[in-house]
Every structure is written in C-alpha cells, then in structure tokens.
Amino acid sequence: MPFLSHIFILAAGALLAQGAPTLDGPALARAYAPEWRFHSAEAFFPSTIEFFLQNTDLVDASNNVVQADPTVQTVDDPANQGSGLFLSTNIDANKNGWLKGQNPSTSPSPVYTFVAPKDNGVVDLYYWLWTPFNAGKDVPLVGRVGDHVGDWERMTVRTVNGAATQVDYHAHSDTGSTVPWDQAPKFDNGNRPVGYIAQGSHGIWKDAGTHTYVNAVVFKLNDITDDGGVHWDTRDSITTLDFPGTFSGNLDWLNYKGAWGNNGETNCWWHIFYDECEVVTGPTGPYRTDVMSAAKVATANFKVAAVTDSNSTAPTQVKSADPLKFDMTGTLSQVLGTPSTSDKSSYTVYLSSDFVSAAKADNAKFVGVQQICESSSADEEKTAITRRDVKRETANTVATVALSNKVTVTPAECASGSRVAAYTVGLCTSDAADSCKFSSSSERPLRAYGANGAQDTAAITVEDLDNWKL
C-alpha cells in the first residue's frame, strides 16, 4: 500500500518488551505501592471479587438471568466471554448492605496491579481500585446522576530503569493528571506516592479538595477528597499481573468482557443533553482495551485514506475511519516537559524499528512534529486536563527532520497569548512541512512543569519515551 495513497496513522502507544527494570515485576510494584486516602465520610469501600460476584447474577440486556451467582472461575463461561452481559443486583435493596463493600482498615482486599514493560526502559505499574458501588452526584434541577454498580479506578506509576519518574492520577472515564515524581505527594519517607479517593465516586486525585470533572451547560460534577478518612497502605495487598498476560483458575474473571454492574437507564428527561441518568451501566474490567479511554487512537490499523484539500498548502490532517482506544501499551494522561528557555520547542521522540522500516519502504524520508497550541485563556482546571477538550484557537507549528528511530524536532513557539497543548507526529516525503501527513486522532496532550508546578508555556522541551508505532 503506497505511502502517497494510503498514509500511516501514527498510533500513540508504546511497544512492549525491551527495557528491563532493576527490580522484577512484583518487587517493583511493591516498591511503589501507593497509600490511598479515603474521604472522612466514605460509605462505599473496596471488596474482593469473590465478595462481589456471590451477590450478583449475570444477566442479558433484557434482564434475563444467564448465570446465577457467578464465580471467579465461571463468570467468563458464557459465549464471547460474557460480552454484552451485565453483573446485576437490586440497588435499592442492597445499597445499605453488601454494596458498601469491606473497609480496608479491617478487611483489606487485593489491589490488582498490572506490570507493563515497554521500550526505552519504561515499566508502567497500573494499580487498580475495585469497589462494588459508585455513588453518583445530586445535581440541582436535575436529580441524582451517575450511580452504578461496580467501579474500577486506577493510578499509575511510571518507572524508567527501575526508578519512578511520574504518577498518573485518573478519575472516571477520561480525566487524568500526570505529575512528575518529585511533585507527587508521598509517604513512607518520601518513597511511595499518595492518592486521594473521592467520596462515593472513587476518582483518584493527587490532593485533597474539590475537583470538577464535568462542566456541563447547566451543572458541574465535582469529586470531593479530604485527608480525614481511612489511610490504606496497599503494599501488603498488591497482587501483580503481567500485561499482556493470560489468566486462568482463580483469575478467570479477568477474561470476562461484559459490564461489571447493572445495565444503565436512558429514560431520564435530561438524557438529551447529558448522557447519564440516575443509574448508568457498570464499567468493563481492568484488563481492557480502553484503559486510556479518551485517547481514541487507531492502534490496530494504521493505514487509512488521506483527507486532502487540493486548495490548501497546510499539512494534511488525517482522520481515522474507525479509531480504537488506548490499552495499557499506551501513554499516560499527558506527556510531561519543561518550559523552553528559547523561542523554539524541542521534541525528542522515539519511533519503533518496524515503523521506521515500513515508512522508508514507502518513501517517507522525513518525520514532522506538529505542535498544537491553544488560547492561554481557555478555562481548564490544571489538575484535570482531558484528552478530548483541547481547544485549537491558534495556528499550529510544524518542523521536520530526517527519519530515524530517535529524532529531535524543534518547531517554533506558539503565538503570543497561546500555550502548548498537544503534539502529534507525521511522516513526510521531504523536509517541507506541507509534505507531511498528520493524524488529529493521535495527538498526545502535553503539560509543562516548572519548579512550582504546572504552568502555561508557549514553547516546551520534551523527551517522550513512549514509542510512536505502527
């Protein structure tokens, strides 16, 4: 398939394999096991998987029972490993009973932790928090929004050659905040990170306070965290899992592809402008293809037809025909950098070997970086930048260099009054910017950190260790 007729969509993910950590997987996961701090008024705690399953039925979309009282070894037995099914219970009857879970101060449950080795010395540690129930929000003029049975939330520690470099806090479907290791809150003499668990909804945040994760037309949804509840040191609860991996026996439940909760409602009057009613569908499990769910990048098929404009000299933008979502081979919520001290940005990026070979075979001799800028007045909470909400309000800047596995590209800074928001990589047939093909669906959000925290900058210095790949 020639480069000029069908172009590469660069998938913003990292290939698994090469960089070996100093510690083995279980030891590394324990070395950076977080302390999770629950809200002082938390009523819905974690539980074991067994505790949850014994109180549910596996049902179809019409609420017909497919399997009563599933177990960790049988829940994935139905056709297609349960895809399209729901682990259901009577919420009203059980909300003040077993759905409250098991307080970890007296009954700690496993913290399932995926160890995901990647290239360039990176190993990401995905610490998953499981709770039987997610309490929604009471919204003025609307009512109750977002209750659901089953809640999977995660916190990720990135390590490079065995040393922690970043912490990725994640809340709900698409709100994430990546923080440099030296600016993440810690305990255990500064050796391990702290995550704050939002009351009822269990989003994981880096500090105590009020965090807005939905700012709709007529209401906001806030997560509330504080420092006064249960402090759970998860080290002795860590259960490590390989990513990718195969699972059997008491880990069969990881193969289940249905929803970890009831089928959601769609009959609320506000559903026309906000798609969550009082009860929403439970999440999928932790071994999933949408772990970075707002990324929406074509990771499985990187060749699609170009979208061209014969009257334009700007770099071609390409849209994926059927974009997939990130899995745990992907990036964190943001790529971190530091404010540049010059009028140019500097991007050091890595391209997988098979990608470079395929690109050269199709006559792509250069690689370009497109820097996406946005108005620095955009209303956006610094602790919760989402992948889908970048507002492009200024011209983008592009620079190119010769194609190789590791390149450094230096596009010009953003225009006055604008800040760096994201970047993407494209293939080019020459060193001219208008010969490059870029994908709007594979942008990686950026965040610049100085000594005093996150800050706006018109130019950024970045070394992105996550390979761009096929």
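**Aromatic rings and their partners**

Guide: Arg444 lies over the face of Trp468, 3.9 Å from the ring centre. A charge sits over a ring if NZ of Lys or CZ of Arg is within 6 Å of the ring centre and within 35 degrees of the ring normal. Likewise, the charged end of Lys100 is placed over the ring of Phe44, 5.0 Å from its centre. This is a predicted model, in which local features need pLDDT of at least 70 and side-chain atom pairs count only at pLDDT 80 or more, while totals for chains, interfaces and linings use all residues. Residues are numbered from 1 along each chain as its sequence is written, and side-chain values use heavy atoms, with hydrogens and water left out.

Visitor: How many aromatic pairs are there?

Guide: A pair of aromatic rings is described by the distance of the centres and the angle of the planes. Rings of Phe, Tyr and Trp (its six-membered ring) pair if their centres lie within 6.5 Å; planes under 30 degrees apart count as stacked, over 60 as edge-to-face and the rest as tilted. By this rule there are 24 aromatic pairs. One of them joins Trp152 and Trp260 edge-to-face, at 5.9 Å centre to centre and 90° between the planes.

Visitor: Are Trp152 and Trp260 buried or exposed?

Guide: Buried means under 20% relative accessible area, exposed over 50%, partly exposed in between (1.4 Å probe, protein chains only). Trp152 is buried at 5%, and Trp260 is buried at 0%. The rings of Tyr256 and Trp260 are also edge-to-face, because their centres are 5.7 Å apart and their planes at 80°. Tyr256 is buried, with 4% relative accessibility.
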